[in-house]
Amino acid sequence: MIKVAILGYGTVGSGVYEVIMNNRNSSEEAKRMEVKHILDLRDFPELPHSHLFTKDYQEIVNDPEVSVVAEVMGGLHPAYEYTKQALEAGKHVVTSNKELVATHGAELLQLAREKNINYMFEASVGGGIPIIRPLTSCLAANDIYEILGILNGTTNYILTQMISEGDSFEDALKKAQENGYAERNPDADILGYDACRKIAILASLACHKNVDCDLIHTQGITEITLEDVEFASRMGYVIKLLGCFKKLEDGIIVRVSPMMIPKDHPLAGVESVFNGIFVKGGAVGDLMFYGRGAGKLPTASAVVADMIDSARNIDRNKPLIWNKTEENFILDYKEDILAYYVRVKGNEAAKNAIVSLFGTVEIISKDETAAFMTCVGKDGDLTDAIAKLAGEGVEVLSAIRVLKED
């Protein structure tokens with residue numbers, strides 16, 4: 001038998017146990033997998049497997065029979081310390097913890113390689129969507145040069161409600177909380193931090209170097225209004241929160257921000273709590289990964305798949321690695337090439353200033369506001385030009401990046 005332990009019995013942890021017990025016939029490794037310990041500070045006397053619970057992590061890390069540990073606690077501490085101790089003890093570790101992977105992934109992957117074991121994290125990005133393994137295995141022959149991802153279901157649900165139901169941001173957020181899609185404190189989602197950690201992981205895998213999430217320009221959706229949604233629709237676009245990775249000759253650009261994307265783009269149809277990840281590879285071309293980006297069983301499915309993969313490779317390390325480097329390879333996001341949508345308080349003086357700064361552009365008006373889309377240029381140059389509008393006495397109400405495909 002392959003003895004395993006689960007760290008944390010919250011939504012994902014309970015799902016991991018459920019998937020293991022309900023899918024024992026999916027493979028030979030699944031048949032041989034046995035949960036020996038579950039770590040949680042709470043008691044669950046009502047459960048038939050209550051005898052598996054322990055509050056003492058040392059009972060797990062010092063158990064020579066346990067060969068695979070699933071860390072589904074979340075957060076950095078004590079998840080980091082527990083993961084490191086398990087790897088040092090020669091135990092394979094799998095996780096859904098994007099914060100831990102984004103922050104300490106390079107170190108933990110290196111430790112796993114030194115111990116000839118595995119640290120796997122398919123569930124850390126995209127929930128149940130397979131993306132880590134395709135990037136590192138199926139697409140290994142490709143130079144991955146661009147990734148665009150709707151990586152957070154909460155923000156995608158909010159924007160979908162604004163687009164399809166006409167809800168304000170505040171009303172859409174309230175619905176997300178009522179439906180269990182958003183936490184009571186939703187900052188990690190609506191301010192873009194969750195998506196930032198996920199694109200950092202994908203970028204690190206794509207370029208085989210550690211991409212520090214603290215260096216990623218991150219902007220959330222709190223400033224998006226119904227007026228922006230309406231103008232975007234009239235222009236043939238929808239607004240999505242995107243994690244963006246782009247590989248250039250002299251480095252990479254990584255960013256999280258709201259973007260207007262054309263309605264015919266594959267990501268435009270990703271709605272509600274679903275995630276979508278659009279990948280461009282040098283040989284394979286365009287690929288789209290789509291599915292539930294969170295939730296008990298989809299996430300647990302990815303965790304257990306990694307547990308099974310670890311069991312299949314119980315005596316060897318699979319090459320899944322990125323390295324820390326002192327090289328400054330992350331470029332200033334202001335060097336990116338794109339366009340901007342701009343909404344201003346509209347009058348003739350404002351329109352004259354727009355034409356003076358941006359040339360001939362189509363200006364759409366409604367009531368006392370006007371909106372236009374700039375030509376393609378460098379992010380920094382365009383934001384400087386938008387700032388000059390204020391210097392001309394024009395009140396800029398919003399500015400949103402626009403995806404322009406070559």
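The largest pocket is lined by 39 residues, and K98, E183, D194, A294 and G295 lie nearest its centre. A pocket here is an open set of points on a 1 Å grid over the protein atoms alone, with protein on both sides within 12 Å along at least five of seven lines, and its lining residues have an atom within 4 Å of a point. The model is predicted: local features need pLDDT of at least 70, side-chain atom pairs count only at pLDDT 80 or more, and totals for chains, interfaces and linings use all residues. Residues are numbered from 1 along each chain as its sequence is written, and side-chain values use heavy atoms, with hydrogens and water left out.

About 1100 Å³ of space lies in this largest pocket, a volume being the space filled by probe spheres set on the grid points. The elements that each give two or more residues to its lining are α1 (11-22), α5 (98-114), α7 (153-164), α9 (187-190), α10 (193-207) and α12 (296-312). Such helices (H or I, at least four residues) and the strands (E, at least two) are DSSP runs, numbered from the N terminus. By class, the lining has twelve nonpolar, 17 polar and ten charged residues; Ala, Val, Leu, Ile, Met, Phe, Trp, Tyr, Cys and Pro count as nonpolar, Asp, Glu, Lys and Arg as charged, and the others, Gly among them, as polar.

Turning to the strands, an open sheet of six has the order β3-β2-β1-β4-β5-β6, with parallel pairing. Two strands pair if DSSP finds at least two bridges between them. β3 (53-54) and β6 (119-120) stand at the edges, each with a single partner strand, so one side of each is left without a neighbour in the sheet. β1 (residues 2-7) and β2 (residues 33-39) pair in the parallel sense over six bridges, and V4 stands opposite V35 in β2. Helix α12 packs on the sheet, touching β1, β2, β4 (66-71), β5 (92-95) and β6, where contact means heavy atoms within 4.5 Å.

β14 (residues 363-366) and β15 (residues 369-373) pair in the antiparallel sense over four bridges. They form a hairpin with two residues between them, and D367 in the turn has a positive phi of about 55 degrees. K366 stands opposite T369 in β15.

Key:
1 Å grid on protein atoms, 1.4 Å probe; cavity = no way out; pocket = protein on both sides within 12 Å on 5 of 7 lines; lining within 4 Å. Axes fitted to C-alpha atoms, helices over the stretch in contact; angles between N-to-C directions.
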